[in-house]
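Welcome, and thanks for taking a look. Please keep the viewer open beside the text as we go from one residue to the whole chain.

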Amino acid sequence: MSLDEDARWLEWVTKQFESIAGDDKEIDLDEFKTALKVKESFFAERFFALFDSDGSSSISLDELLKALDLLIHGNETDKLRFLFQVYDVDGSGSIDPDELRTVLKSCLRESAISLPEEKLDDLTLALFESADKDNSGSITFEELKAELENFPEVMENLTISAANWLKPPDQEQKKRKTPRYLTRAYWHNNSRKLFFLCLYALLNVLLFIMAMLRNAHGGLWFMVAKGCGMCLNLNCTFVMVLMLRRSLTWLRATWVVRILPLDQNILLHQIVGYAILIFTIVHTGAHVLNFVRMSQNDGMYRLWEYLFTIRPGIGWVNGTASITGVVLQVLICLMVVCSSTFVRRSGHFEVFYWSHLSYIWVWALLVVHCANFWKWFVVPGVVFLIEKLVGIAVSHMGGLYIVEVNLLPSKVTHLVIKRPPFFHFKPGDYVFINIPAIAKYEWHPFTISSAPEQQDVLWLHIRSMGQWTNRLYEFFRQPDSQTISNKRLTASLRSRRHQSKAQDEMFKSASYNGTLASNKDDAVELTLYRSSITRTSSQKPVSDPEAQVDVGDTPPVTRELTAKLSENHRYCNIKCYVDGPFGTPTRQIFASEHAVLIGAGIGITPFASILQSIMCRYRMRKQNCPSCNYSWCETIKDNEMKLRKVDFIWINRDQKSFEWFVSLLTKLEMDQADEEPEGRFLEMHMYMTSALSKNDMKAIGLQMALDLLAKKEKRDSITGLRTRTQPGRPDWAKVFHKVSEEKKGKVHVFYCGAPALAKVIKAECEHVGFKFYKEHF
């Protein structure tokens with residue numbers, strides 16, 4: 001903080017204190033906890049005790065400001081002394097193992113991290129043994145200081161971390177001098193979209209002017225109505241063109257994708273939808289004002305007759321222009337309102353879905369309403385009809401069945417669908433799925449999370465966020481669901497075959513990566529050792545060869561059978577229909593040289609497919625020496641894959657969310673087990689936002705312990721991966737700066753997740769000159 005910021009911040013703290021303190025101008029422990037809004041009371045009690053310098057069981061404003069001044073302006077030793085006093089619970093002048101364990105346990109609770117008691121003991125001993133240099137059985141201040149010096153990033157951030165609790169929540173850290181939309185980088189990175197929008201706007205202006213001039217004899221309001229009507233002819237047709245998914249998927253494979261913003265079709269569809277609403281309101285309003293003028297001038301018909309009857313004879317089909325116009329106005333307004341983000345994201349997707357189906361009535365009424373609309377509509381309408389017929393035919397060809405279901409943490413449903421032989425797709429594509437047992441007439445889009453190289457099955461990972469997805473989860477969660485297979489012998493045989501297949505895959509993988517596995521059992525045990533999350537084993541699909549990775553020390557056969565019989569994993573035979581696949585912006589990944597894949601939460605699903613496919617192609621290039629088992633990858637480029645480096649970033653709110661794809665990520669790490677971290681083709685970065693960041697004093701000890709134990713065990717305690725899970729949110733400026741320094745080629749950033757985070761990442765990409773793609777449906 002600067003001096004001015006310090007002054008403003010301390011002034012704010014003073015006001016906050018005065019609003020909490022009573023007449024005695026002091027706050028007690030309960031008021032202190034309330035003010036801090038802490039999850040865990042341990043640190044609140046420790047800070048309170050240290051702030052209460054006179055031991056009066058209350059803090060005055062002077063005591064608080066004195067303590068905060070020490071944390072802000074004190075030297076490095078003063079801040080370390082304060083941290084040591086926080087850890088020295090009994091005030092003995094040294095930290096024993098039990099005190100350290102108590103602190104780390106509180107750190108885990110603050111960070112919403114759940115670990116077994118044995119793992120907590122391991123963390124405590126890792127940090128304690130590293131800090132206790134003289135093996136005296138306790139850590140002194142000098143030993144803690146020496147240990148912290150081994151973590152320069154901790155020393156750098158050890159500033160006002162304790163006082164961060166009291167910072168204004170809406171305080172902006174950075175303010176851009178120039179609005180984002182006026183920067184040169186924004187116009188450069190969005191050139192195709194902006195050029196297309198300019199052409200679109202120009203075309204609307206030209207059509208509006210031409211229609212006005214052609215109808216100049218009818219007066220001003222008649223001219224405005226006709227101008228808007230001409231623009232509506234264009235827009236009501238163009239809004240359909242933007243949703244010709246099969247045509248757009250085909251165009252993405254051609255040179256057109258370099259000229260037109262095909263990846264922005266959903267955004268353009270929304271823009272055109274709002275333009276239709278505006279033109280409709282102006283068109284209707286202009287006609288009403290014109291009818292008012294006509295009813296006052298000639299007196300043949302009253303205003304309500306012009307609006308709600310066919311007596312004036314306006315329109316080319318029995319004078320129905322006014323009536324159809326009123327109905328169209330209502331339908332269009334209803335569609336736009338029900339398409340709002342609030343409706344779609346608030347668990348009412350069905351409202352959006354069913355109201356949007358009224359587009360059929362809108363087009364039918366437009367043909368009746370306007371004499372010339374059919375001329376605009378006929379060609380795109382035929383293409384649209386063909387696409388619908390093809391979709392119906394494709395979705396009903398062959399027998400598609402959901403053969404396995406896995407209920408994962410955070411209400412995620414993993415569907416395993418038997419893949420028909422004619423179904424071909426590319427990584428990152430999505431499909432529309434209809435499950436009659438859930439809802440007979442509803443189709444919903446979801447990204448395919450399996451790789452094209454998996455010939456037998458399709459994976460869909462569906463998070464419960466609305467009515468249909470919740471019904472899907474509850475349908476398979478019911479213990480008496482008809483999805484459970486009654487044929488125990490068949491299930492047992494299938495289980496054994498899957499187990500054998502999984503062991504074969506592990507043996508190949510272990511041998512492939514130059515491990516010392518001499519037989520299949522050793523390979524399985526070695527693979528099982530790669531992961532530490534035991535409870536996820538019961539949630540992995542049997543069809544996944546890597547499903548057996550996530551187990552603990554339980555024998556493979558026992559663990560496998562336990563997984564098969566788990567209530568969260570079951571075989572089934574549920575009929576479903578799939579329409580697709582449809583392309584997305586992620587198809588551009590293989591044309592990139594350096595791809596950065598960012599998934600937030602369940603937004604990992606398209607990248608799960610992409611990562612599997614990338615590593616399959618990577619393994620095809622991998623060479624092995626038959627003598628020494630040394631392996632390397634040929635860095636050659638081809639038309640199919642130009643990638644030289646992939647950075648995968650997965651951001652989750654809680655620990656359990658990592659269980660969705662931990663087995664896949666473990667397998668990807670094993671593929672590169674024999675390569676140095678700086679030379680890896682695929683580099684993974686995990687972030688857990690609920691965990692306290694390293695610049696928070698409450699988390700310093702925990703993060704140090706996690707780092708030490710990860711180095712010792714060569715795996716992360718939170719996920720079981722080799723990749724260390726980072727606490728808090730990524731610093732995008734540092735992340736992209738590191739990516740640019742690698743100089744692996746042109747960088748393309750692909751994102752799937754919450755729209756709010758997309759804006760932040762896109763703004764940072766524009767700042768550094770990276771191309772940004774957002775996954776859309």
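## Starting at Phe 648

In which strand is Phe 648 found? This model is predicted, and in it Phe 648 sits in strand β13, which covers residues 645-652. Phe 648 counts as buried because its relative accessible area is 0%, where the cut-off for buried is under 20%.

What does Phe 648 touch, leaving aside its neighbours within four places in sequence? Its contacts are Leu 597, Ile 604, Phe 607, Leu 611, Leu 665, Leu 682, Glu 683, Met 684, His 685 and Met 686. Take Ile 604 from that list: Phe 648 and Ile 604 are 44 residues apart along the chain, yet their C-alpha atoms are separated by 9.6 Å.

## The nonpolar cores

Phe 648 also belongs to the largest nonpolar core, which has 85 residues. Together with Phe 51, Leu 597, Ile 614, Trp 650, Leu 665 and Leu 682, Phe 648 is among those that touch the most other members. Another core, of 37 residues, lies apart from this one, and its members include Leu 234, Cys 236, Phe 279 and Phe 373.

Not counting residues up to four places away in sequence, Leu 665 is in contact with Leu 611, Phe 648, Trp 650, Met 684, Met 686 and Leu 721. In soluble globular proteins, nonpolar side chains tend to be buried together.

## A buried glutamine

Gln 612 is part of helix α25, residues 605-621. Is Gln 612 buried or exposed? With 8% relative accessibility, Gln 612 is buried, since the cut-off is under 20%.

The side chain of Gln 612 reaches the backbone oxygen of Ala 608 at 3.0 Å. Beyond four places in sequence, Gln 612 touches Ser 449, Ser 450, Ala 451, Gln 454, Trp 459 and Leu 664.

## Helix α11

Helix α11 spans residues 191-214, a run of 24 residues. At 1.5 Å a residue it should span 34 Å, so the 35 Å between its end C-alpha atoms agrees with expectation.

Buried residues in α11 are Lys 193, Leu 194, Phe 196, Tyr 200, Asn 204, Leu 207, Ala 211 and Met 212. An α-helix has 3.6 residues a turn, so residues three or four places apart point the same way.

## The whole chain

Stepping back, the chain holds 29 helices and 17 strands. Of its 777 residues, 53% are buried. Among contacts with a separation of 6 or more, 70% join residues 24 or more positions apart. The accessible surface is about 37400 Å², with 58% of it belonging to carbon and sulfur atoms.

Terms used
Residues numbered from 1 in each chain as written. Predicted model: local features only at pLDDT ≥ 70, side-chain atom pairs only at ≥ 80, totals over all residues. Heavy atoms only, no water. Helix = DSSP H or I, 4+ residues; strand = E, 2+ residues; numbered from the N terminus. Expected span 1.5 Å × (residues − 1). Buried < 20%, exposed > 50% of the residue type's maximum accessible area, 1.4 Å probe, protein only. Contact = heavy atoms within 4.5 Å. Polar contact = N/O pair within 3.5 Å; in protein donor to acceptor, adjacent residues only side chain to side chain. Areas by Shrake-Rupley, 256 points an atom, 1.4 Å probe, with all protein chains shown as cover. Core = buried A, V, L, I, M, F, W, Y, C linked by side-chain atoms within 4.5 Å.
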